[in-house]
Amino acid sequence: MSQPWYRRLSDGLSKSRDRLEGQLNVLLRRGPDLDAAFWSDLEDALIGADMGVVAVTEIVERLRDSAARKALPDAQSVLAHLAEELASEFPPDVIDFLTENVTVLVVGVNGAGKTTTVGKLAKQTVDEGRSVLLGSADTYRAAAVEQLDVWAERAKVPVVKRERGADPASVAFDAMKLAAETGAELTLVDTAGRLHTSKDLMLELQKIARVAERESAVPAKILLVMDATTGQNGLAQAREFDAALSVDGIVLTKLDGTAKGGIAVAIARELGIPILRIGVGESIDDLRPFVAEEFARALLSEV
Ligand SMILES: Nc1nc2c(ncn2[C@@H]2O[C@H](COP(=O)(O)OP(=O)(O)O)[C@@H](O)[C@H]2O)c(=O)[nH]1
Ligand SMILES: [Mg+2]
């Protein structure tokens, strides 16, 4: 597992790993006994990494079961099974719609990493030999359009935009039209993350989603970009987006900026929405497919 990519993942998760490793080492130093204090301290360590009470309770329960069934002798041998148990909290056989011919509406709160993610995805997809079209539906800030332009130039893909203050749904409409004309395989529509109220934002996004659904020649999907550093607060926001838009997939960004990367586990368990990509840094290569086993291993031990 020494491919450059795994190293990037591993480096990106170092804050989370340092914290968790530290706590698990304290557990191990206490002694090998699998007593009540061991299990409750293990629970605390995992909850402290933001994995969420529901997932942690299940994980620890399964570890206790297998400790009894397999007659695991000590704390060390129990922790050796932790990565496996973490990985099994994520759904198997996720369909990665980003590799299919689709229109993707990219949503999320301000600063979550939407525009950056659109840019990275565009470049990666073009490098794979597929055609990409961008729509710039964050028409509130001039800077948002310019930021997307920079990425579009880098990826050498067309970007559909309108003047500042234009109706974002009309940008989506134009993008659908051009995508159908040019046969774009992946259309990514960037959106705004802030309006006067979250109700206004949801109404606007629902309108854009209706246009995409109606006008797109290929399936339309909703991709939520979530900032991992916002922890439980981000989880609450994700629920709001899901209630309004029925989210199809998640990109979890800025895992490199938090010691609480366990939030990925809580997202999978509590939202039931697949994580399709993770961001572990600011460069193009730092947006990667999410593979549960790799993630769990990188969260627990260095390579
Ligand atoms: N460290 C780090 N920074 C990121 C990541 N993804 C995005 N960012 C940064 O987050 C900031 C906000 O991103 P932006 O795409 O403008 O967010 P938007 O408001 O949702 O469109 C920018 O400075 C990005 O470079 C990531 O995975 N890791
Ligand atoms: Mg943006």
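**Cavity and pockets**

Analyst: The largest cavity is lined by Val109, Leu224, Val225, Met226, Asp227, Thr230, Gly234, Gln237, Ala238 and Phe241. On a 1 Å grid over the protein atoms alone, a cavity is a set of points where a 1.4 Å probe fits but cannot get out, a pocket is an open set with protein on both sides within 12 Å along at least five of seven lines, and lining residues have an atom within 4 Å of a point. The model is predicted, with local features needing pLDDT of at least 70 and side-chain atom pairs pLDDT 80 or more, while totals for chains, interfaces and linings use all residues. Residues are numbered from 1 along each chain as its sequence is written, chains are lettered from A and ligands numbered from 1 in the order written, and side-chain values use heavy atoms, without hydrogens and water.

User: How many cavities of 30 Å³ or more does a search of the whole structure find?
Analyst: The search finds 1 cavity of that size, and the space in the largest cavity is about 50 Å³, where a volume is the space filled by probe spheres set on grid points joined across faces, edges and corners.

User: Which elements supply at least two residues each to its lining?
Analyst: Those are strand 5 (220-227) and helix 11 (231-245); helices (H or I, at least four residues) and strands (E, at least two) are DSSP runs, numbered from the N terminus.

User: OK, switching topic: what takes up the largest pocket?
Analyst: Ligand 1 takes up that space, counted as sitting there if more than half of its atoms lie within 2 Å of the grid points. The largest pocket holds about 330 Å³ of space, and among its 23 lining residues, Gly111, Ala112, Gly113, Thr116 and Lys254 are the closest to its centre.

User: Which element gives the most to that lining?
Analyst: Helix 7 does, with 5 residues, and helix 7 (residues 114-127) also gives the most to the shell around ligand 1, with 3 residues.

User: And how many residues surround ligand 1?
Analyst: There are 16, with Gly111, Lys114, Thr116, Asp256 and Glu282 the closest, where near means that a heavy atom lies within 4 Å. By class, this shell has 3 nonpolar, 9 polar and 4 charged residues, taking Ala, Val, Leu, Ile, Met, Phe, Trp, Tyr, Cys and Pro as nonpolar, Asp, Glu, Lys and Arg as charged, and the others, Gly among them, as polar.

User: Where do backbone atoms come in?
Analyst: A backbone N or O atom of glycine 111 is 2.7 Å from an oxygen atom of ligand 1, a polar backbone atom of lysine 254 is 3.0 Å from a ligand oxygen, and for a backbone N or O atom of glycine 281 the distance is 3.2 Å. Ligand 1 taken alone exposes 590 Å², of which the protein buries 79%, with accessible areas from the Shrake-Rupley method with a 1.4 Å probe.

User: Last one: what volume does the second largest pocket have?
Analyst: Its volume is about 280 Å³. Helix 2 gives the most to the lining of the second largest pocket, with 4 residues, and that lining divides into 7 nonpolar, 3 polar and 2 charged residues.

Notes
A polar contact is a pair of N or O atoms within 3.5 Å; within protein, one must be able to donate a hydrogen and the other to accept it, and residues adjacent in sequence count only if both atoms are side-chain atoms.
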